[in-house]
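Hi,

Here is the structure I promised to pass on to you. Have a look at it first, and then read on for my notes below.

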Amino acid sequence: MVEVGAIPARDFRALVAGAGAIIHFGRFSFRLSSPVEHLADEVHRMYRHHPVSLEGFADFHVEVRPPRNLRRWFGRQLEFHVDGSSSFFPLPHAQAFPLLEWGLNWCVHDAVKDCLILHAAVVEKDGKALLIPAPPGSGKSTLVAGLVHHGWRLLSDELAPLALDALSIEGLARPISLKNDSIDLVKRLTGEDAFSGTVRDTVKGSVALMRPPRESVLAVRRPAAPVAVIFPKFTRGARPVHRGVGQGAAFALLMESAFNFSALRRQGFEALADLVERCGCHEIGYGSLDEGMRLVEDIHAAA
Amino acid sequence: MEIDHTDGIAWQLHPAGVIVRTLDDGVAVFHQGSGDVFVLSRFHGEVLEHLAAGRGDFMALLRSCAPDTETSGSEDLQCKTQEALYQVMSTLEGMQLVERTA
């Protein structure tokens, strides 16, 4: 299979506007069809290293297009459709790429029945993976972007599929979603090339996505063993702190991050208990990206 | 709190099944009927384990969970221990993890 970047941007735009292009990430694939040219261009840049095929099976048939009902008269809006139906409110035309990414998150979490899906990032180095769950605003994605820029493998920025034996986490290696001040912060570190355009006034504020490194995309089918769970908290100007978190406290926090817990019931419960028993659980607080990364490196080295 | 007639009270785990995982700072508990999950103290976990072993009578629980109090504690301490255990059982009842059998 060729990589998306091997197809000229103009041809890719035509493919997406026509029969669609099938893009593969981890064990999943989605066929993207859309008449929105700037969406095709962003996908071409942000999924540059992902395999693409023109025909065959796709897990999700995704279409991002203007509404066909009366909504089309209310400003320029777009809808996310998967397998012919849409469960989402339309968003402004300029938010096409975030709409696609948020829709794909929903597709993955809805499709996976054999893993516990945690709202968490996962990075790996030297065969040891760190699970980083955190609520919005805690600095998770910024921290992950910094680590990935320094050579860590990205498995996921947003959704962590934990095997039910808790021994491994699957990779997705999709773009990292950065928000507000963290966009310029990470751009200063990595340069502009890896970034999508910044979309302003979304429900999450300003949003830009960062392309995953090619090495992470190529290794995406190799699961990683979690050795530590880290709950990060960025507070501007705060001094760096690191505390151990008890297994029960970590279990309770992870419960809040588990999307499909109620569907998996006892299997999900046992997987989460196995995870906190097996991994060291940590809480870190920091006031700068460098300090946050140093704390993560220390935890990784000791794990 | 005044507790009367503790002699006759007994509990059992909810018949649908309760799974307890002991962790280093508490227990995680799964209710197999409702699917509810709780994170509770180690003491709650200990009580649930005694119930799982069929020791659900109040006085038997008291002897198992606070063995020294009954023999060496003052009357006041015994009373407070009984109250604490009764509170724990009420909490577990509220969560429907246990139910009274008598």
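In this predicted model, strands E13 and E14 (residues 205-210) of chain A run antiparallel and are joined by 2 bridges. One residue pair to look at here is Thr202(A), whose bridge partner in E14(A) is Gly205(A).

These two strands belong to an open sheet of 3 strands in chain A, ordered E12-E14-E13, with antiparallel pairing. Strand E12 (176-179) and strand E13 (199-202) of chain A stand at the edges with a single partner strand each, so each has one side without a neighbour in the sheet. On average, neighbouring strands are turned by 35° against each other, direction ignored. Helix H5 (residues 181-190) of chain A packs on this sheet, where it touches E12 and E14 of chain A. The direction of H5(A) makes about 120° with that of E12(A).

E14(A) turns up again around helix H2 (residues 37-46) of chain A: along with helix H1 (9-17), strand E3 (28-33), strand E5 (60-65) and helix H3 (96-111) of chain A, it is included in what covers the buried residues of H2(A). Of the 10 residues of H2(A), 7 are buried, so the helix is largely enclosed by the rest of the structure. Among the buried ones are Leu39(A), Val43(A) and Met46(A), but also Glu42(A) and Arg45(A).

Finally, the contact between the chains: chain A contributes 14 residues and chain B 13 residues. On the chain A side, helix H7 (247-257) and helix H9 (266-278) are the elements that give two or more residues, and H7(A) gives the most, with 6 residues. That side divides into 7 nonpolar, 4 polar and 3 charged residues.

Best wishes

Notes:
Residues numbered from 1 in each chain as written. Chains lettered and ligands numbered in written order. Predicted model: local features only at pLDDT ≥ 70, side-chain atom pairs only at ≥ 80, totals over all residues. Pairing = 2+ DSSP bridges. Helix = DSSP H or I, 4+ residues; strand = E, 2+ residues; numbered from the N terminus. Axes fitted to C-alpha atoms, helices over the stretch in contact; angles between N-to-C directions. Contact = placed C-beta atoms within 7 Å. Buried ≥ 20, exposed ≤ 12 C-beta atoms within 10 Å, placed from the backbone. Nonpolar A, V, L, I, M, F, W, Y, C, P; charged D, E, K, R; others polar.
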